[in-house]
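Dear colleague,

I am handing over a structure that I would like you to look through before we speak next. My notes on what was found in it follow below.

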Amino acid sequence: MTTRPGSSFAKPQQLGDNATHMATSTHKSPLPVPEKLLYEQPLNERIRTFLRLEYLFKQAAHHLECDSEWDSRATLNCILDILAVFGNTNLKSEVLKELERHAANLKRHERNPNIDHTHLHNLLDRIMAHMDSMHQINGQIAGDLKNSEFLLSIRQRSAIPGGTCDFDLPAFHYWLNQPAKVCTRDLAHWLGNFDEIGQAIQLILSLTRDSTPMKPTLAEGGIFQRTLDPNLPFQLVRVALPAGLPYYAELSGGRHRFTARFLQFSIEGDRSQQTDQDVEFELACCVI
C-alpha cells in the first residue's frame, strides 16, 4: 500500500451540524480533556437508528478532511455502513414522521405568552424547511450508490477480515491511489446523497436533547433505576459523569423503565464490576 502525498482541495459539501468536525492536519493538536463524559441510551428504535447515523456521519466527516489512503478507506467504510442502515428501514418516512411530530408539539405552544415566540417560529421554520427538502427527494435515498458495482464489490469483501487487500480488490487499490482530490471529490459526492436527511436527523436529535435539562442525581451502591410513564413520549436517557471518576455508566432500558449501572473500568481480566460506592451524576430523561 502507498500513501498519497497531501493535496489541497475545496471544502466538500456540508453534511449539516453532524459534519462540522474538522481535521485539517496530519499532526493534530491534542484534544482537550472533557470535564464530563456523556452517555446516552435511546428508548425506541427510531432514536437508536438516528444516533447510529449521527455517529457514522461524524466519523465520515472527520476522515473526509484528511487526504491519506487510510482516511479514504475509513470514509468509504462509513458510507457502506450508512447504506446498510438505510437498507433496513424506510428512513425517509421515519424522519418525516418525527419532523411532523415535533412540529405538532411546538405549535401547541403558539398561544403561550410565556415563551420566546421568535425562537419558536424559527424552530418551526427550520422543521418545515427540512420537511420540504425531504418531500423533494424522489425515489430511494442514495439509490445510485446501492446499485454501484464498485461499491457493492467492496461491501461484499468487507465482510471478510482483511478482505479489502490490494489483491482482493485491484479496482479499489487503483482508486485509492488516485490523487487525493479525486478520492475526496468522489467521497464528498457519495456523502452528499445523505445531506438533507442528515441535517434533518441532527435537528431532531438536537430538539430531543434540549427538551430536558440535566439534574443532579444519586446512584446508591452504584445503581440507579427509574420507571417511566409509558403514556409520555420518552425518547432518550442522558447521563453525565465527571471525567476523572474511575468508573463508567452502563445504560439499558426501554419504554417502561431504564437502569444505570456504574462499573469499575478495566481492560484486563474479567468483566468490569459494578462499584459499591454511591455515585453522583447528572440525569436527563428526554421527553418530547
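Two strands are taken to pair if DSSP finds at least two bridges between them, and the strands themselves (E, at least two residues), like the helices (H or I, at least four residues), are DSSP runs numbered from the N terminus. This is a predicted model, in which local features need pLDDT of at least 70 and side-chain atom pairs count only at pLDDT 80 or more, while totals for chains, interfaces and linings use all residues. Residues are numbered from 1 along each chain as its sequence is written, and side-chain values use heavy atoms, with hydrogens and water left out.

I begin with strand S4. Strand S4 (234–242) pairs with strand S7 (residues 279–287) in the antiparallel sense, over 6 bridges, and within that pairing valine 239 stands opposite leucine 283 of S7. S4 is also joined by 7 bridges to strand S1 (residues 36–42), again running antiparallel, and here glutamate 40 is found opposite arginine 238 in S4. With buried meaning under 20% relative accessible area, exposed over 50% and partly exposed in between (1.4 Å probe, protein chains only), S4 is mostly covered, since 8 of its 9 residues are buried.

The loop between S3 and S4 holds asparagine 231, which is exposed at a relative accessible area of 69%. Asparagine 231 lies 9.4 Å from histidine 256, C-alpha to C-alpha, although 25 residues separate the two in sequence.

There is also an open sheet of 3 strands, with the order S3-S6-S5 and antiparallel pairing. Strand S3 (223–227) and S5 stand at its edges, each with a single partner strand, so one side of each is left without a neighbour in the sheet. The twist averages 15° from one strand to the next, where axes are lines fitted to C-alpha atoms (for helices over the stretch in contact) and angles run from 0 to 180 degrees between N-to-C directions. Strand S5 (residues 247–253) and strand S6 (residues 257–264) pair over 7 bridges in the antiparallel sense, and a hairpin of 3 residues joins S5 to S6. In that pairing, glycine 253 has phenylalanine 258 of S6 as its bridge partner.

As for the helices, the axes of helix H1 (residues 45–64) and helix H3 (residues 91–107) come within 11 Å and cross at roughly 110°. H1 and H3 are therefore roughly perpendicular to each other, given that angles under 35 degrees count as roughly parallel, over 145 as roughly antiparallel, 65 to 115 as roughly perpendicular and the rest as oblique. Counting contact as heavy atoms within 4.5 Å, Arg46, Ile47, Thr49, Phe50 and Leu53 in H1 meet Leu91, Glu94, Val95, Lys97 and Glu98 in H3.

Finally, the cysteines: how many disulfides does the structure hold? There are 0 disulfides, a disulfide being a pair of cysteine sulfur atoms within 2.5 Å. The sulfur of cysteine 285 is 7.7 Å from the closest cysteine sulfur, in cysteine 286, which is too far for a bond. Cysteine 285 is buried, with a relative accessible area of 9%, and cysteine 78 is buried as well, at 2%.

With best regards
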